[in-house]
Amino acid sequence: MSANESGGPEDLEQAAVIFAGLRPRLFGIAYRMLGSVTEAEDLVQDVWLRWQTCDRSTVANPAAFLATATTRLAINVAQSARVRRETYIGPWLPEPVDTSADPHLGAERGEALGFAVLLLLERLSPNERAAYVLREAFDYPYREIADIIQLSEAAVRQLVSRARKHVVAERRAPVTGAEQRRLLTAFVAAARSGDLAALEELFAADVTSHSDGGGVVRASRIPVVGAFRVAKYVRAFADRFWDGVEVEWASANGQASALLCRDGEVFAVLTVNASAQGIDQVLWMMNPAKITAVSASPSSAQIRPGHARQA
C-alpha cells in the first residue's frame, strides 16, 4: 500500500485535518445532547478512533459521517445517563462550559446551550433531544436528521415540534443578556450581605434554587422553592459561605456566571435564569468533578469580599 492510500501516513494526516476542522461541531452536538463536558469529550474521542479505523475511501461526506456517528453514540450515552441520574445525589445540573470565546462548541447558533434549555431537554427522550439539537442549534435539514437518527422525515418533524412545544411551554421568555448580568450581580451582592429584602425583590414568586454537590460537597439535596424560602435559605448560610470568597465573572453556556473562588481555586459556578418576573432559577454548581471546564483567571475582573461591582 502506498503512503497516500487509505491507512497510510498521508491519509491519516488528512483524516486528522478533516476531523480537527469538524471537532467543534461534534463537541457541540455531544455536549448539548449530554449536558456533560466530560462525557462529550470522551464521546468525541470515541468518534475519532472510529474515524481512524474505518474505511474512509467509502465515505463520500466526512461531515455527515462524523455527525451521524456522534449523534448515534450520544443517543446511546443519553439513554444510560438518564438511568445514572435517577440515582444522582441531589439535583443534577449540566456541567458549565466556558463560552467566553465559544472556542469548543462551534455552534452557528446559541440554541440548546443555556442552562434553562439544557435542563428542559433532560426531560425529553434521547431521539427528541437529538432532533431538537440538530435542527435548532445546527440547522440541519429534516431529511438529513432523518438519515442520522434513522427515522422517517415525518417522524423527525414531529419530534422537533414536540420538543419545541415543550421548551416554549415550560420556559418563560428570558430577559436580555444585559439584564441577566445585572440580576446576577445584584444577587451576588445581596447574597453576600444576607440582605433578605433585597433578595426577595430580585426573585420571581416561584423562584427555585438548585444546588448540585453530587454528594461530594455540602449542598442542599432538594430544590428550595418560593421567593421567601429561597431568600431565607441564602441568608442562612451567608456568613460562613462567603467568608474569604472572591468572585470572577465569566461566560458559561452563553450567559453571565460567577466563579466563586477561595485561594485562587474555583469551588462553585453560580448563575441565574430570569424572566420579566425576576430571577426564576438560581443554579449553584458545586460538584468538583463537574466544574473543571471553568477556572479562575488572573486577568479576569474580580469582585473581592465586600466589594461588589458591575461586571
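A residue counts as buried when its relative accessible area is under 20%. Keep that cut-off in mind. One caution: this is a predicted model.

First stop, helix H5. H5 covers residues 126-137. How many of its 12 residues are buried? The count is 11, so by the under 20% cut-off H5 is mostly covered. Among the buried ones are Pro126, Tyr132, Leu134 and Ala137. Charged side chains are on that list too, including Glu128, Arg129, Arg135 and Glu136. Now the length. At 1.5 Å a residue, H5 should span 16 Å. The C-alpha atoms at its ends are 16 Å apart, so the two agree. Just after H5, look at Asp139, which has a positive phi of about 55°.

Second stop, the second largest pocket. Its space comes to about 360 Å³. The lining has 16 residues, and those closest to the centre are Arg218, Ala219, Phe237, Phe241 and Met286. What is the lining made of? It divides into 11 nonpolar, 2 polar and 3 charged residues.

Last stop, Asp212. This residue sits in strand E1, residues 203-212. Is Asp212 buried or exposed? Its relative accessible area is 1%, so Asp212 is buried. Leaving out residues up to four places away in sequence, Asp212 touches Tyr88, Pro91, Trp92 and Leu93, and also Trp284, Met285, Met286, Asn287 and Lys290. Leu283 is 71 residues away along the chain, yet its C-alpha atom is 7.9 Å from that of Asp212.

Terms used
Residues numbered from 1 in each chain as written. Predicted model: local features only at pLDDT ≥ 70, side-chain atom pairs only at ≥ 80, totals over all residues. Heavy atoms only, no water. Helix = DSSP H or I, 4+ residues; strand = E, 2+ residues; numbered from the N terminus. Expected span 1.5 Å × (residues − 1). Buried < 20%, exposed > 50% of the residue type's maximum accessible area, 1.4 Å probe, protein only. 1 Å grid on protein atoms, 1.4 Å probe; cavity = no way out; pocket = protein on both sides within 12 Å on 5 of 7 lines; lining within 4 Å. Points joined across faces, edges and corners; volume = space filled by probe spheres on them. Contact = heavy atoms within 4.5 Å.
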